[in-house]
Amino acid sequence: MSADPHTAALPALDTDPHVWLEEVLDPDALAWVRRRNEATHEALGGAELSGTEAAVREVLDSDDRIPDVARIGEHLYNFWRDADHERGLWRRTTLESYRTDHPRWETVLDLDALAAREDESWVWHGASVLRPTPEQLDAGEPWRRALVDLSPGGSDADVTREFDLVDKRFVPASEGGFERPLAKGGLSWADEDTVYLATDLGPGTTTTSGYPRLVKLWRRGTPIDDAALVFEGSEGDLAVTGLRRRTPGFERDIVRRSFAFYRSETYVVHGVGTAEQELVRIDVPESAEIGAHREWLTVDLREDWTVGGRTHRAGSLLAAPFDDFLAGSRDLTVLFEPTASTSLVGATWTRHHLVLTVLDDVKNTVQVLTPPDQAAGADPNAAWTPSELPVGDGLLTVGVHAVSTIDSDDVWVTRSGYLQPATLALATVVGPDGTATAPEPLKSAPAFFDATGLVADQHFATSDDGTRVPYFVVGREDLVRPADPSTPGDAPTLLYGYGGFEIPLLPGYAAVAGRTWLTRGGVYVVANIRGGGEYGPAWHQAALRENRHRAYEDFAAVARDLAARGITSHRHLAAQGGSNGGLLAGNMLTRYPELFGAVVIQVPLLDMQRYSHLLAGASWVAEYGDPDVPEDWAFLQTFSPYHQFDPERDHPPVLLTTSTKDDRVHPGHARKMAAKMLAAGKDVTYYENIEGGHGGAANNAQAAHMAALAWTFLRDRLT
C-alpha cells in the first residue's frame with residue numbers, strides 16, 4: 001500500500017494523463033463518453049432499469065401533483081411538466097378555480113411548441129412580471145409585461161425575452177421588445193420602458209467566475225451596447241446585480257456587489273442613470289444579508305457584529321427603519337437570536353407582518369412578528385408583536401411564502417414529511433381580530449407508495465471531535481428499530497448528504513425513494529452534517545476551507561452509528577451526493593472506503609487542484625480554498641478525491657454521473673475520476689447525460705432515467 005492517502009503528494013498537471021477529458025465537446029472525449037454510456041446501459045439495462053424508470057416517471061408526470069402557484073394580478077401562474085408536455089407549459093388560472101379539484105388552466109406559453117418551432121431544446125428558467133403602477137391598476141390596465149428566461153439544454157447560461165401576457169406572445173426586438181443574448185446574467189424591470197441589465201457584453205464585462213461584473217440601465221428601443229453604466233465591479237468579484245424595488249411609496253434602486261459566496265456589499269442608488277447618480281453603501285458586515293420591506297431594513301448576520309454599543313450574535317436577525325439607518329442611526333431591534341439548537345432558515349414579508357421559519361434540532365417552527373406602525377406614530381424601536389401561525393409539528397418541513405408583499409397578509413403554507421405527501425393551504429397571518437386564521441386546505445398530493453409499516457426517526461451520531469450530528473432514518477419499522485441492535489444489520493441502506501454552502505437538508509416526501517427503495521426493503525438516511533445550514537452560519541463555517549474534513553468526519557460518524565444501531569452493516573451501506581455532495585461522496589470513496597458497499601457520485605467536484613479554473617469554480621474559493629495558493633493547497637489536497645485516490649486500496653463499486661451541458665461544475669471532474677479508476681481496474685459505472693445542466697436532466701424523461709440508473713445500481717450492488 002502507498003503512503004497515507006490523506007497526505008498524498010500533488011502530481012504536476014502535465015503528468016495528468018486524463019486532462020484531455022476536460023475538453024467538453026472534443027470528439028475524442030465525446031467518443032469516450034458514448035462508450036462509457038453504452039457500457040453502463042449494457043450492465044444496468046433490462047427489465048429492472050425499465051421498470052424503475054417507469055415508476056419514477058409516473059411520479060414526475062403525475063397529474064395529481066400539487067401545482068406550485070404565484071399570484072400575478074388576478075391570476076395564479078404555474079409552470080407544469082408532464083408526459084404530454086416534456087418541456088412544459090406556463091399557464092394560469094384563478095384562485096376560485098384553483099380551489100376546485102380540477103382547475104381550468106389557460107396556457108400562456110407552450111415550451112414544447114416553442115422548442116419545436118425554433119429547433120432548440122429550451123428549458124424553463126423562470127419569469128419576472130412587471131407590476132403596473134397604482135395609477136395603471138386604478139385605470140384597469142392589465143398585468144402585461146414579463147421577462148422570460150430560457151436555457152438551451154438546461155445550462156446556467158440563458159437568454160431573456162420580453163413576453164406579452166395579454167397577447168401571449170414574445171415581443172420581438174423589431175417592436176422594441178427586450179432580448180438578452182445567451183450568457184450568464186439576466187434582466188430585471190426598472191419600469192415599463194427600462195430594465196436593469198447584467199450580462200456578458202464582451203471582453204472585460206465578466207468576472208473570473210464567468211458572471212457579470214457590470215450593471216447597466218437599458219432603455220427600450222436603444223441598442224444594448226448603449227445601456228448606461230450604473231455600477232462596475234472588479235474582475236475578481238463573484239458577480240454584480242441591480243434591481244428596483246417597486247413597492248408604491250417605497251421605490252428604491254439597489255445594486256449588490258458579491259465578492260464571494262456569503263460576502264457582499266449593497267448600495268442604494270439615488271438618481272440612477274442621471275448625471276447626479278449617487279451610490280450609498282448600506283453599512284453592514286460584508287457577510288450579512290440585508291432585506292428591505294417598505295420602511296424596514298432587516299439584517300441577517302453570519303458573524304458577530306458589534307454596533308451601537310452592543311454585540312449581536314451570528315445567526316441573529318435585526319431590524320431598523322431603513323431611512324434612519326441610512327442616515328446613520330444604529331438603533332437595531334433583535335427579531336431573532338439563535339440558541340444552541342435553533343437557527344433561522346427563512347423569512348417572508350406579507351403586507352404588515354414578517355413570518356420567520358425556524359429550525360429547532362432540524363425540526364420546523366414558525367413565528368409571526370408585527371412591526372410597530374410608524375404611520376400611526378408608533379416608536380420605531382418598540383418591540384415587535386409576536387403571534388402564532390398554526391402549522392403543526394413533528395418530523396415535517398413547513399414552508400411559508402407570502403402571496404404578496406404589497407397588498408395581502410395571506411401566505412401559502414406547505415407541509416410534507418418523508419412519509420407524508422405534501423399539502424398546500426392558504427392562511428391569513430393575522431386577521432382583523434389580531435389572530436391568525438386556521439389554514440384553509442387547498443391541495444393534497446397523492447401517496448405514491450404504501451407507507452404502512454414504515455417509520456421516520458431522528459438520531460444523533462457523535463463525530464470525531466465530539467460534535468452531535470443529527471440525521472434522519474426512514475424505512476420499515478423492523479429494520480429502522482431492530483429488536484437486537486447488537487446483531488449486525490443487513491438492510492440495504494442509502495446515506496445521503498450535502499454539507500456545504502449553508503444549505504440545510506430537511507424532511508420532504510420521499511415519493512421516488514418510497515417507490516423504488518423503501519417499499520422494497522431499503523432504508524433511506526439523510527445526514528445533517530456540518531457545512532450545511534441546519535444550525536445556522538456557525539454550522540456552515542465549522543467546515544470551511546482547512547476545516548472541510550469535519551463534514552466528512554460527520555458523515556462517516558453517521559455511517560458508523562447506523563451499523564452500531566444494528567440498522568445495517570458497511571457491506572450493505574451506500575453513500576450518495578451531488579455537486580458539493582459529490583465532493584462529499586468522493587471523499588467517502590477515497591477516505592473511508594471500508595465504510596461503504598457502494599458510492600453514488602453525481603455532477604461532482606473531484607479535482608480540487610483544477611476546480612477553480614473550470615467554469616464557475618472560481619466562485620467557490622471562499623468555501624474550499626484557493627489551490628493556486630501553496631498554503632491552501634496544503635489542506636485542499638487532503639480532500640481532493642482525484643488526488644487522494646490510491647489504486648492499491650480496496651474501493652467499493654462507484655456510479656459516477658454528470659451532464660455535458662453542465663456549465664457550473666465541469667463534467668471533466670467526473671470524466672477524469674472515472675478514467676483514473678477504470679485504469680486501475682476498479683468497479684466503475686459511468687453515465688453522462690448530454691443535456692441537463694447542473695441539474696443533470698433537462699426534462700422528466702431524462703430525470704427519470706438518471707434516477708433509475710442510480711436506484712438500479714444500488715440494488716445491484718447492495719442486495
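Contact here means heavy atoms within 4.5 Å. With that in hand, welcome to a few close-up views of this predicted model.

**View 1. Helices H1 and H15 pack against each other.** Helix H1 covers residues 27-44, and its axis runs 12 Å from that of H15, at an angle of about 65°. The crossing of H1 past H15 is left-handed. On the H1 side, the residues in contact are Ala29, Leu30, Trp32, Val33 and Arg36, and they meet Arg671, Ala674, Ala675 and Leu678 of H15. Sorted by class, this contact holds seven nonpolar residues, two charged ones and no polar ones.

**View 2. Arg671 pairs with Glu688 in a salt bridge.** Stay with Arg671, one of the H15 residues that H1 touches. The closest N and O atoms of Arg671 and Glu688 are 2.8 Å apart. Arg671 belongs to helix H15 (residues 668-679) and Glu688 to strand E39 (residues 684-689), so this pair links distant parts of the chain, 17 residues apart. Are Arg671 and Glu688 buried or exposed? Both are buried.

**View 3. Arg302 and Glu502 join two loops.** Their side chains meet in a salt bridge, with 3.0 Å from N to O. Arg302 sits in the loop between strands E19 (296-300) and E20 (305-307), while Glu502 sits in the loop between strand E34 (493-496) and helix H8 (511-516), so the pair ties together parts that are 200 residues apart in sequence. Arg302 has a relative accessible area of 11% and is buried. Glu502, at 18%, is buried too, because the cut-off for buried is under 20%.

**View 4. A salt bridge connects Arg530 and Asp465.** Here the N to O distance is 2.8 Å. Arg530 lies in the loop between strand E35 (523-527) and helix H9 (537-541), and Asp465 in the loop between strand E32 (454-462) and strand E33 (468-476); the two are 65 residues apart.

View 5. As a general point, side chains of opposite charge can pair when their charged atoms come close. To set these views in context, how many salt bridges does a search of the whole structure find? The search finds 48.

Definitions and conventions: Residues numbered from 1 in each chain as written. Predicted model: local features only at pLDDT ≥ 70, side-chain atom pairs only at ≥ 80, totals over all residues. Heavy atoms only, no water. Salt bridge = Lys/Arg side-chain N within 4 Å of Asp/Glu carboxyl O. Helix = DSSP H or I, 4+ residues; strand = E, 2+ residues; numbered from the N terminus. Buried < 20%, exposed > 50% of the residue type's maximum accessible area, 1.4 Å probe, protein only. Axes fitted to C-alpha atoms, helices over the stretch in contact; angles between N-to-C directions. Left-handed = near helix turned anticlockwise from the far one by under 90°. Nonpolar A, V, L, I, M, F, W, Y, C, P; charged D, E, K, R; others polar.
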